[in-house]
Amino acid sequence: MPASPGDLEMREPAARFKPRRRFGQNFLVNEGAIDTLIAAFKPAPADLVLEIGPGRGALTRRLLGRVARLTAVEVDRDLIAFLSEALPRDQAGLPAPRLIEADVLRLDLRSVLVEMGATRAHPARVIANLPYNIATAVILRLLEERDLIRDLLVMVQREVAARIMARPGSASYGGLSVLTQAIARTSSVLRLRPGSFRPKPKVDSEAIRLLPHQPGSSVTTDDPSALSLLVRLAFAHRRKTLLNNLRHLPTSSDGSSQAALGLERAGQLILQAGLDPGCRPEDVAVEGYLALLGAWKMPQESVGKMP
Ligand code: SAM
């Protein structure tokens, strides 16, 4: 049986934890919202689940005994100590969750996933109510390991969720939208007001799901670092044209040359990708940026030979 919702709170000496702002600690306290998140996550007995930032265990305790493996990475050593005491060691004969005290951004995530038993055939699943100050970095880091991750359910600041899911032409559409959507399908799960957390954050939150594209999908990239540089420069000045932004792109996509493309070569590249050099960066769809990436990565000598 999973631990009952009130179990951990009952055992928690409330005064022991002063939430640490530097760790982005806004703990979920809305039991209905926790139920909705877990129902949307749909834990299954064979699942290998990685939780980032378990905090006081709001989500962790609902997963206990319901998945094959649960590993949680938490940077706050006091919370690790609390969870190791408070979480039941054995649930329905399944192993206790593995708690790793670490900064997720400095951790060898791939090794953790492999140790959990994740493979391409049986990828892990990720759930997290992320600290808002590092949410984007954590999502992008997790997506680097997408071959070992089936899906992610993450709670982020609502404005970040909007940027991740934005469509071309909208004010929120930018480099983060292109990067994430080139790697994963995104959708909204639940929006929450500050009152669902303690302490209350200053902003609204939104849980989103990210489903990495299958290899070979038409809207995917196998070179996120080159795409990252491309979109950073493409959106450097939103009011400028794509051409004016991309003339600053290095001639080589692999970092072997820092020399800028210049107007003429950037224009060729944009036409080659089937785009209009005079358009604005926010009007180009993800597919357009992938076509640009393909053109940029093409060896120089073959460019002039394009029809
Ligand atoms: N999952 C809990 C919940 O929903 O109530 C806590 C969520 S709280 C927004 C974020 C959690 O991430 C905190 O427990 C915090 O200590 C942890 N955290 C912050 N930075 C971290 C990092 N770099 N690596 C791992 N955990 C981190």
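**Cores, buried charge and salt bridges**

Reply: This is a predicted model. Leaving out residues up to four places away in sequence, L210 touches I139, L143, D151, L152, V154, I164, T180, A184, R185 and T186.

Me: How many residues does the largest nonpolar core have?
Reply: L210 belongs to this core, among the residues with the most contacts inside it. L50, L130, V154 and V156 are listed with L210. The core has 36 residues.

Me: Which element gives the most to this core?
Reply: The elements that give two or more residues include strands β2 (48–52), β5 (124–129), β6 (149–157) and β9 (205–212). With five residues, the top contributor is α6.

Me: How many residues are in the second, separate core?
Reply: L261, V286, L292 and L293 are included in this second core. It is separate, with a residue count of 31.

Me: Which side chain of opposite charge is nearest to E74?
Reply: E74 is found in strand β3, residues 69–74. E74 is buried yet has no salt bridge. A salt bridge needs nitrogen and oxygen within 4 Å. At 7.7 Å, the nearest side chain of opposite charge is R20.

Me: Which backbone nitrogens does the side chain of E74 reach?
Reply: One lies at 3.0 Å and belongs to G55. G55 is also among the contacts of E74, along with Q25, G53 and P54. The other backbone nitrogen, likewise at 3.0 Å, belongs to D76. The residues are G55 and D76.

Me: Which residue caps the N-terminal end of α4?
Reply: The cap uses a side-chain oxygen. That oxygen lies 2.9 Å from the backbone nitrogen of D78. The capping residue is D76.

Me: Why do the buried residues of α4 lie on the same side?
Reply: Helix α4 spans residues 77–86, and its buried residues are L79, I80, F82, L83 and A86. They sit on the same side of α4 because the arc they cover around the axis is only 165°.

Me: Which exposed residues are carried by the face of α4 turned away from its buried side?
Reply: The buried side holds residues such as L79 and F82. The face turned away from it carries two exposed residues, R77 and E85.

Me: Is L63 buried or exposed?
Reply: L63 is found in helix α3, residues 60–63. Leaving aside neighbours within four places in sequence, its contacts are I38, F41, P43, V49, L70 and I127. Buried means under 20% relative accessible area. At 0%, L63 is buried.

Me: How many salt bridges does the count come to?
Reply: One of them joins D103 and R106 at 3.6 Å, N to O. D103 is partly exposed at 27%, whereas R106 is exposed at 74%. The count comes to 22.

Me: Which helices are linked by the pair E31 and R61?
Reply: Their side chains meet in a salt bridge at 3.5 Å, N to O. E31 is partly exposed at 27% relative accessibility, whereas R61 is buried at 1%. The pair is 30 residues apart and links distant parts of the chain, in helices α2 and α3.

Me: Which residues are joined with R141 and E144 into one salt-bridge network?
Reply: E144 and R141 bridge at 3.2 Å between their closest N and O atoms. Both lie in helix α6, three residues apart, about one turn of the helix. E144 is partly exposed at 49%, whereas R141 counts as buried at 17%. Through shared partners, the network also takes in R110, R120, E145 and D147.

Note on methods. Residues are numbered from 1 along each chain as its sequence is written. This is a predicted model: local features need pLDDT of at least 70, side-chain atom pairs count only at pLDDT 80 or more; totals for chains, interfaces and linings use all residues. Side-chain values use heavy atoms; hydrogens and water are left out. Helices (H or I, at least four residues) and strands (E, at least two) are DSSP runs, numbered from the N terminus. Buried means under 20% relative accessible area, exposed over 50%, partly exposed in between (1.4 Å probe, protein chains only). Lys and Arg count as positive and Asp and Glu as negative; His and the chain ends are not counted. A polar contact is a pair of N or O atoms within 3.5 Å; within protein, one must be able to donate a hydrogen and the other to accept it, and residues adjacent in sequence count only if both atoms are side-chain atoms. Contact means heavy atoms within 4.5 Å. The arc is that of the directions from the helix axis to the C-beta atoms. A nonpolar core is a set of buried Ala, Val, Leu, Ile, Met, Phe, Trp, Tyr and Cys residues joined through side-chain atoms within 4.5 Å.
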